[in-house]
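Q: I'd like to learn how to read side-chain features off a model. Can we walk through some together?

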Amino acid sequence: MTSSTTMNAALAAEHRERLMRTAREVSFEAGTRLFEEGRRADKLWIIRTGTVDLDLHVPGRRAAVVESLGAGELVGWSWHFPPYLWQLGAEAASPVRAYEFDAQTVRSMCADDAEFGRAVAVWVGRVVAHRLHASRIRLLDLYAPYGSGVRP
């Protein structure tokens, strides 16, 4: 992921501090599913340490890992857009320590403060655009006859 999509790069210090006041520290063992595609998106996380794999259900096949996320990166964007259902799945690929946030609390903060809300929306939008591109490239590599033509 590019540095422009990490929380530290995307949010001004006052917005980061405001968001972090609502954080709860959590940890996940390797192999723990954080969420499943199609289920209710009610949390988000910022990874402190470890790696989280994002995956996409592929009928008749194993889930395809479309991206791996590391320190400073946002896990989950579906909490920001109705109907608040996960568009991908996520699993801890290694032991993970993260900051966890309640999605409704963050959405309320965004609604109450337009400047904060715009900053979060731009950040989440960058993350969505990046993930869409990464997913497209990965799926072409896995399933297209000649791949994407792009190598990591």
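Q: Which ring does the charged end of Arg 18 sit over?
A: To call this, look at how far the charge lies from the ring centre and from the ring normal. In this predicted model, the charged end of Arg 18 sits over the ring of Phe 116, 4.9 Å from its centre. Arg 107 gives another case: its charged end sits over the ring of Tyr 84, 3.8 Å from the ring centre.

Q: And ring against ring: how many aromatic pairs does the structure hold?
A: There are 5 aromatic pairs. To sort a pair, check the angle between planes: under 30 degrees is stacked, over 60 is edge-to-face. Take Trp 45 and Trp 86: their ring centres are 6.3 Å apart and the planes make 25°, so this pair is stacked. Trp 45 belongs to strand 3 (residues 43-49) and Trp 86 to the loop between strand 6 and strand 7, so the pair ties together parts 41 residues apart in sequence.

Q: Are Trp 45 and Trp 86 buried or exposed?
A: Both are buried. They also form one aromatic cluster with Phe 28 and Phe 35.

Q: What about Trp 77 and Phe 81: how are their rings arranged?
A: The centres lie 6.0 Å apart with the planes at 70°, so you'd call the pair edge-to-face. Burial is judged with a cut-off of under 20% relative accessible area. Trp 77 has 18%, so it is buried, while Phe 81, at 35%, counts as partly exposed.

Q: What does Phe 35 touch, beyond its neighbours within four places in sequence?
A: For contacts, go by heavy-atom distances. Phe 35 is in contact with Trp 45, Leu 54, Val 75, Gly 76, Trp 86, Leu 88, Gly 89 and Ala 90. Now zoom out to the largest nonpolar core, which has 39 residues. Phe 35 is among those that touch the most other members, along with Leu 19, Leu 34, Trp 45, Val 75, Trp 79 and Trp 123. Helix 4 (residues 114-143) supplies the largest share of this core, 6 residues.

Q: Which backbone atom does the side chain of Ser 78 reach?
A: The backbone nitrogen of Gln 87, at 3.1 Å. Leaving out residues up to four places away in sequence, Ser 78 touches Ala 41, Tyr 84, Leu 85, Trp 86 and Gln 87.

Terms used:
Residues numbered from 1 in each chain as written. Predicted model: local features only at pLDDT ≥ 70, side-chain atom pairs only at ≥ 80, totals over all residues. Heavy atoms only, no water. Polar contact = N/O pair within 3.5 Å; in protein donor to acceptor, adjacent residues only side chain to side chain. Contact = heavy atoms within 4.5 Å. Core = buried A, V, L, I, M, F, W, Y, C linked by side-chain atoms within 4.5 Å. Buried < 20%, exposed > 50% of the residue type's maximum accessible area, 1.4 Å probe, protein only. Helix = DSSP H or I, 4+ residues; strand = E, 2+ residues; numbered from the N terminus. Phe/Tyr/Trp six-rings, centres within 6.5 Å; stacked < 30°, edge-to-face > 60°. Lys NZ or Arg CZ within 6 Å of the ring centre and 35° of its normal.
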